[in-house]
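Please look over the sequence and the structure shown here before reading the report, and keep both at hand as you go.

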Amino acid sequence: MTKYYQALLMGLFILSGLSQFYNVPASGSHKNTGCVGIFRDLGGTGTYPAYSNGFFVIDLSGVQPVQLLFIQIQTYNLSDYVHALDSVETFGTLLGTFSGSKLLSAITSTSGALSVRFYSNCCFTGSGFQVT
């Protein structure tokens, strides 16, 4: 990891005490039109619950592309997923599917809307994810 990303992540963790937190619901969807802060799985700082299947929709009304940066991810590999969709709906062009513990590069939508789906199965959970 480059020193730039290490410094950026450290700054985000320090500022996280001042940030607004949003949780992906366990089911259904939550829409936000002015998302500034950190959103994460329903487990927050603990482990996420089994049987999650919710969406978090960021809709900035076409103002500018939405960019996400994973600051933490730890899901049960190949069973629990984070899906990023280039859409204001719960369906759309898939930008990526993420599982396990590998930190990712920034994800950018092509419009002012992006949806994130979090799915967990029945059996094993992890500490989840946080995105800014």
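## Basis of the report

This is a predicted model, in which local features need pLDDT of at least 70 and side-chain atom pairs count only at pLDDT 80 or more, while totals for chains, interfaces and linings use all residues. Residues are numbered from 1 along each chain as its sequence is written, and side-chain values use heavy atoms, with hydrogens and water left out.

## The chain as a whole

The chain contains 1 helix and 11 strands, where helices (H or I, at least four residues) and strands (E, at least two) are DSSP runs numbered from the N terminus. Read from the N terminus, the order of the elements is α-β-β-β-β-β-β-β-β-β-β-β.

Of the 132 residues in the chain, 42% are buried, a word that stands for under 20% relative accessible area, with exposed meaning over 50% and partly exposed in between (1.4 Å probe, protein chains only). Among contacts with a separation of 6 or more, 74% are between residues 24 or more positions apart, a contact being heavy atoms within 4.5 Å.

## The nonpolar core

The largest nonpolar core has 19 residues, and those with the most contacts inside it are F39, L68, F70, V82, F98, V116 and F129. Such a core is a set of buried Ala, Val, Leu, Ile, Met, Phe, Trp, Tyr and Cys residues joined through side-chain atoms within 4.5 Å. At least two residues of this core come from each of β4 (53-59), β6 (70-74), β7 (81-86), β10 (113-119) and β11 (128-131), and β10 gives the most, with 3 residues.

Which residues is L68 in contact with, leaving aside its neighbours within four places in sequence? They are F39, I58, S105, A106, I107, L114, V116, V131 and T132.

## A salt bridge

A salt bridge is a side-chain nitrogen of Lys or Arg within 4 Å of a carboxyl oxygen of Asp or Glu, and by this rule the count is 1. The side chains of K31 and D59 form it, at 3.3 Å from N to O. This pair links distant parts of the chain, with K31 in strand β2 (residues 27-32) and D59 in strand β4, 28 residues apart. D59 is buried, its relative accessible area being 13%.

Strand β8 (residues 93-98) and β7 pair in the antiparallel sense over 5 bridges, pairing being counted if DSSP finds at least two bridges between two strands. L85 has L94 in β8 as its bridge partner. The two strands, β7 and β8, form a hairpin with 6 residues between them, and in the turn G92 has a positive phi of about 155°.
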